[in-house]
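Visitor: I have a structure open and would like to go through it with you. Could we start with the overall picture and then turn to details?

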Amino acid sequence: MRSRENTPDPISHSEKHTPVVDTPRTDIRETNDTEKILNPEDLIDMNTFEQLLEMDDDDDHDFSYSIVLNYFEQAGSTFEEMDSALKQKDLEELSRLGHFLKGSSAAIGLKKVKATCEKIQNIGNCQDEDETGELSKEDALKRITPLLPQVKTEYFEAEEYLKNFYDVQDAR
């Protein structure tokens with residue numbers, strides 16, 4: 001089954017755990033100044049998301065939807081806290097918040113958000129993104145600054161996908 005905006009329905013693919021994605025949607029590319037074509041598998045770990053959906057009752061998605069809505073609220077307040085910590089140049093707090101959001105993002109399968117939050121966590125600890133070397137506080141702040149808008153963009157892309165998924169499910 002497909003949603004109204006060609007978004008894969010993870011439920012109909014639970015046996016394979018691989019959503020059907022049309023060939024043209026295999027990457028992100030700019031089609032004009034405002035339109036992006038996204039592969040949902042770049043945003044969402046479908047195996048993790050399907051595990052969340054399996055906890056729902058057969059006739060609705062109220063349970064998983066409540067978890068996703070709670071995540072949206074947490075992410076919004078966490079982003080505000082991250083912005084404040086960056087203004088205060090508080091790398092320790094940025095690391096803590098990155099760690100927190102990494103965990104909750106992983107729980108619902110938001111893999112791009114999780115990966116960027118892990119970078120924020122490591123850099124906030126004055127470590128390279130892959131934890132291979134130490135950074136000065138100044139270098140860490142330079143590296144972490146562009147990651148905040150990046151993680152927000154990744155979050156909004158995933159949020160749009162998830163809201164669309166649940167809107168389509170409610171319409172059934």
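Visitor: What is the mean pLDDT of the protein?
Guide: This is a predicted model, and its mean pLDDT is 81. A value of 70 or more is reached by 76% of the residues.

Visitor: Where does pLDDT stay under 50?
Guide: That applies to residues 1–35. Where pLDDT is low, the predicted coordinates should not be read in detail.

Visitor: Understood. How many helices and strands does the protein have?
Guide: There are 7 helices and 2 strands. Along the sequence they follow the pattern β-β-α-α-α-α-α-α-α.

Visitor: And what share of the residues is buried?
Guide: Of the 172 residues, 42% are buried. As for contacts with a separation of 6 or more, 59% of them join residues 24 or more positions apart.

Visitor: Let us turn to packing. At what angle do the axes of H4 and H5 cross?
Guide: They cross at roughly 155° and come within 7 Å. Because an angle over 145 degrees counts as roughly antiparallel, H4 is roughly antiparallel to H5. The crossing is left-handed.

Visitor: How do H5 and H6 cross, left-handed or right-handed?
Guide: H5 passes H6 in a left-handed crossing. Their axes come within 9 Å and cross at roughly 165°, so the two helices are roughly antiparallel to each other.

Visitor: And which residues are involved there?
Guide: H5 contributes Ile 120, Ile 123 and Gly 124, while H6 contributes Ala 140, Arg 143 and Ile 144. These divide into 4 nonpolar, 1 polar and 1 charged.

Visitor: A change of topic: in which helix is Ser 64 found?
Guide: Ser 64 is found in helix H3, which spans residues 62–87.

Visitor: Is Ser 64 buried or exposed?
Guide: Ser 64 is buried, because its relative accessible area is 0% and the cut-off for buried is under 20%.

Visitor: What does it touch, leaving aside residues up to four places away in sequence?
Guide: Ser 64 touches Leu 52, Leu 53, Asp 56 and Tyr 166.

Conventions: Residues are numbered from 1 along each chain as its sequence is written. This is a predicted model: local features need pLDDT of at least 70, side-chain atom pairs count only at pLDDT 80 or more; totals for chains, interfaces and linings use all residues. Side-chain values use heavy atoms; hydrogens and water are left out. Helices (H or I, at least four residues) and strands (E, at least two) are DSSP runs, numbered from the N terminus. Buried means under 20% relative accessible area, exposed over 50%, partly exposed in between (1.4 Å probe, protein chains only). Contact means heavy atoms within 4.5 Å. Axes are lines fitted to C-alpha atoms, for helices over the stretch in contact, and angles run from 0 to 180 degrees between N-to-C directions. Angles under 35 degrees count as roughly parallel, over 145 as roughly antiparallel, 65 to 115 as roughly perpendicular and the rest as oblique. A crossing is left-handed if the near helix is turned anticlockwise from the far one by less than a right angle, and right-handed if clockwise. Ala, Val, Leu, Ile, Met, Phe, Trp, Tyr, Cys and Pro count as nonpolar, Asp, Glu, Lys and Arg as charged, and the others, Gly among them, as polar. pLDDT is the predictor's confidence in each residue, from 0 to 100.
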